[in-house]
Each structure stands twice: as C-alpha cells, then as structure tokens.
Amino acid sequence: MSSKNKLEYTAEEFVSPEYIRNRFSKIMSDMYKKEVPLYGELLDLVHGINENVLSESKEIEEQLAHTGELTRLNMERHGAIRLGKPYELFTMRRLFKVMGMYSVGYYDLAPAGVPVHSTAFRAIESTALNQAPFRVFTSLLRIDLIDDAQLRNNVETILEKRQIFTEKVLQLIDKSEKEGGLNKEDAETFVQEALETFRWHDTATVDYEMYEALLNQHRLIADVVAFKGPHINHLTPRTLDIDKVQVSMEDRNIPPKDNIEGPPARKCPILLRQTSFKALTEKVTFKNNVEKEEIGEHKARFGEIEQRGAALTQKGLDLYHELLGKTRKAIGGSPTAENASEYNELLAENFKVFPDNYEDLRSEELAYFHYFTTDKVKTLSKDKVYTKVDVNQLLEDGYLSIEPMVYEDFLPVSAAGIFASNLGTDDAKREYEGTSNQDLFEKDLGEPVYQLTKWYEDMQDESIQNCLAEINA
C-alpha cells in the first residue's frame, strides 16, 4: 500500500484523522491568504529562510530528519481562536476530535492581563504530528473577570444568542462519533463546513455603542463578543531562524512587532520563540438602535512566526520562568519598543546560566530527548539484559545517541505578549484578580486536558524502551 493510502484510509473506508487535519489546514491557509494577503508573503519569506538554513547546516538538517520533523517543516502551522461560552468550547473539542486533535495543556492568561484561559488542540502521537502537525491555540473568555456587572450580563446575553457552528458540521460530528469516522466525501463536506466557523465577518452583531463598551473593558473582549464567530486571528509557519525573519520582515515592509517573545537566541534552541506582523486595521459595519449601518474599525488579525526548540522538563521550565521573570522585573514589566534593546541584552545575560549544549541539558534533566541506537549496538555484548539504569553508560559508550524532543506546545506569557502587541493596547499591563480555574475549564471542555510534562515524559520513555527492546532482542 502506498504512503498516500496509509494516510488517507483506515477501516471501513474511513479517511484518517491525519488526512482530514491536513485537508483542513490547507483550506484554512488558503482562506487566510485571501483574507490577509501579507500572510502569503510571510509564508514565502519563511520558506526561503528555512531552505537557506538547511543548505548551510547539515547538522540541523540531519537532526530534523532523525526525529521525523524534516518532512513536516513547511507544513508547520498553528492557528488561534477565541471562544465566548462553554458550549462553544465543548463543541469545538468534538469538532477537533474528528481531525484527531486533543486538548493538551491548560494556560491561564489572566495574570498577564488577558481575560481568557486556554488549551491547545493537537495530535498526541509523534507519528500523527509528523504526518499532520496543525494545531489550534483555543481560548475561552473568562466572563467572570468582567468587573462591570451590567456589561457582564450584556455579554452573556449576546453570546447566548449566537451559534458559531453550521447545522451540517454538527450533523457530521454526530455521525463521526457514532460510526467511528468519516468517508472521503463526508470528510470534504466536514472541512468546508468547519471552515465557516473560522471565517472573518466584517459585520458586527452589536451596535457601535456596545462595541465601544466592550472595547473599553478590554480589546480582546470586543473581539470575542462583537462578531458572528471566532474568526481565526492568526496562522503561524515555523522558521529555523526567527531573528533572520524579524529583520527580513522590515526589509520587505511587513511591519513586525517590536520584540521576539520567549527565550533569547541560543546555539541549542529551547521552547518557543515567536514574533508577528502587526494586526490589520479592518473596516467593520455596526448596527445602531434603528438598524442603520455605521462603519468603524477593528484590530484582531495578524501573521505570526514561530521557532521551536527543545521541550523542557518541569525543572527546565522552572528555571526558564525564573530567568524570564527576573528579566521582566528588572525592566518593569513587558518589553516595549523603547526598551527592547535593553531587554534583549539583559535576557541574554540572565540566560547564560541556562546550559546551551544538549548533553548538559540531558544530564541536568532540563530537557526531553529522543533516544536512538547507533550502528555500534551490533557489537554490544548480549551477556545481560539492559534496563533504564544502563542508559547513561550506553550513551557514554556510544551505543545510544540523542536528539532534542521539539516543544509542541505554547507559552502563556509569550501568547499574551503577542496578543497585546497586536491589539495595540495597554491592556497587557492590567492585572486581573482571581485565580486559575482549570477545574472549571475542564468542566466546560467536557474532559481533562493532557498534562504537558507527562506527555513529554511518556514520549521520552517510549523512545528509551524502544532502544532497550532493540538491544535486548
């Protein structure tokens, strides 16, 4: 059977979730390029830089090939949406599950001045990620954080009236759940109908007075509440050199945000670095009280770029957050256009204590790794059964090798920084009172989220066990 057929077909002639996910990400990208033409130019820029990096560094090319990421590099895309009510989150979970995407991680953005909590919907198996890496960072508005009681009631009333899913996509979600999948014809209908939920609408569902009230509470609240649905607000290609992208955007007159979010540039990249071009100012038609149209403006949609590095253990994450927090505290909060240079210098200085080679990251248990057997394993003595306690010695003796496990997820402080810079607002300086509420989020979602560190631990352990099984065979 060809690789294409393996990707497309499963039992009972159902197409695979990977096929549906790839198809959906393709038509989503095509739609977004039409709606936001700069995004198409951004894709061309990123692809060109990736080709240059790979041609100049065989080490990076071999690393990506070894871990299976090379084939998906130019497929890498994540999107982001913002939902308004629990029903929307619950149903979105069901919709994404048809595409083999599951809720991974809980992110509370309220401490960073954004009144949402979030998760990422993505595949949860390495092979599935390499076949179709599309994922969607999905936020749910925390209405409880709106401090104006009357406005809070108005928001609940507005959201209660809207339906963001088409009747046909709801029918196909039901069908997939009951029958265990969709055939190719149904899958094509499903992706086209699902796309309608993510489409931009330039007509608001509220009058201008209400829009202004929402805007004054928080720009993101206006974006969530005032429109027919959760328009995709950005898509994100993956680059191998985000610093080069940042400079190249300026050269192409693509307006970049002031600063790259995340860790500093390193020889061994960690976690996630992100930048973007600034949000478009778009014309919007509002309805006033006598149903006369009124034209206004709205900012929401932009183009983002990401560079992914090694996934960190909890110990590594704690060190990352300590160093990031120390840097931000020193400059008085989030970096701005005025202090970006000072911030980047201080960030690089503070991160000198974070090991910048893979062997130290592994030995100090700061990052996760894939383990591989080497050709030398053929000469290994078979006079014992090798276990996990032997792994360090097997590495030292050259029977095993490692490659970093790429971070597949998100960083709440970085996400909030991207949101804030593109909304063109000082809202990020705001602090919301209250605590994280993962229990409520999971109740609204309809199931628990996958815990981030456990997912990486399991993937690393599976990699080690596969090596040991090969050695002991």
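Reader: At what angle do helix 5 and helix 8 pack?

Author: This is a predicted model, and the answer concerns helix 5, which holds residues 86-98, and helix 8, which holds residues 167-179. Their axes lie 10 Å apart, and the angle at which the two helices pack is about 60 degrees.

Reader: Is helix 5 parallel or oblique to helix 8?

Author: Angles under 35 degrees count as roughly parallel and those from 65 to 115 as roughly perpendicular. The angle here is about 60 degrees, and therefore helix 5 is, relative to helix 8, oblique.

Reader: Which residues of helix 8 does helix 5 meet?

Author: From helix 5, the residues taking part are Tyr-87, Thr-91, Arg-94, Leu-95 and Val-98. By class, the contact has six nonpolar, two polar and three charged residues.

Reader: Is Glu-88 buried or exposed?

Author: Glu-88 lies in helix 5, and its relative accessible area is 0%. Because buried means under 20% relative accessible area, Glu-88 counts as buried.

Reader: With which side chain does the side chain of Glu-88 make a polar contact?

Author: Leaving aside neighbours within four places in sequence, Glu-88 is in contact with Leu-83, Arg-162, Ile-164 and Phe-165. The polar contact made by the Glu-88 side chain, at 2.8 Å, is with the side chain of Arg-162.

Methods: Residues numbered from 1 in each chain as written. Predicted model: local features only at pLDDT ≥ 70, side-chain atom pairs only at ≥ 80, totals over all residues. Heavy atoms only, no water. Helix = DSSP H or I, 4+ residues; strand = E, 2+ residues; numbered from the N terminus. Buried < 20%, exposed > 50% of the residue type's maximum accessible area, 1.4 Å probe, protein only. Polar contact = N/O pair within 3.5 Å; in protein donor to acceptor, adjacent residues only side chain to side chain. Contact = heavy atoms within 4.5 Å. Axes fitted to C-alpha atoms, helices over the stretch in contact; angles between N-to-C directions. Parallel < 35°, antiparallel > 145°, perpendicular 65-115°, else oblique. Nonpolar A, V, L, I, M, F, W, Y, C, P; charged D, E, K, R; others polar.
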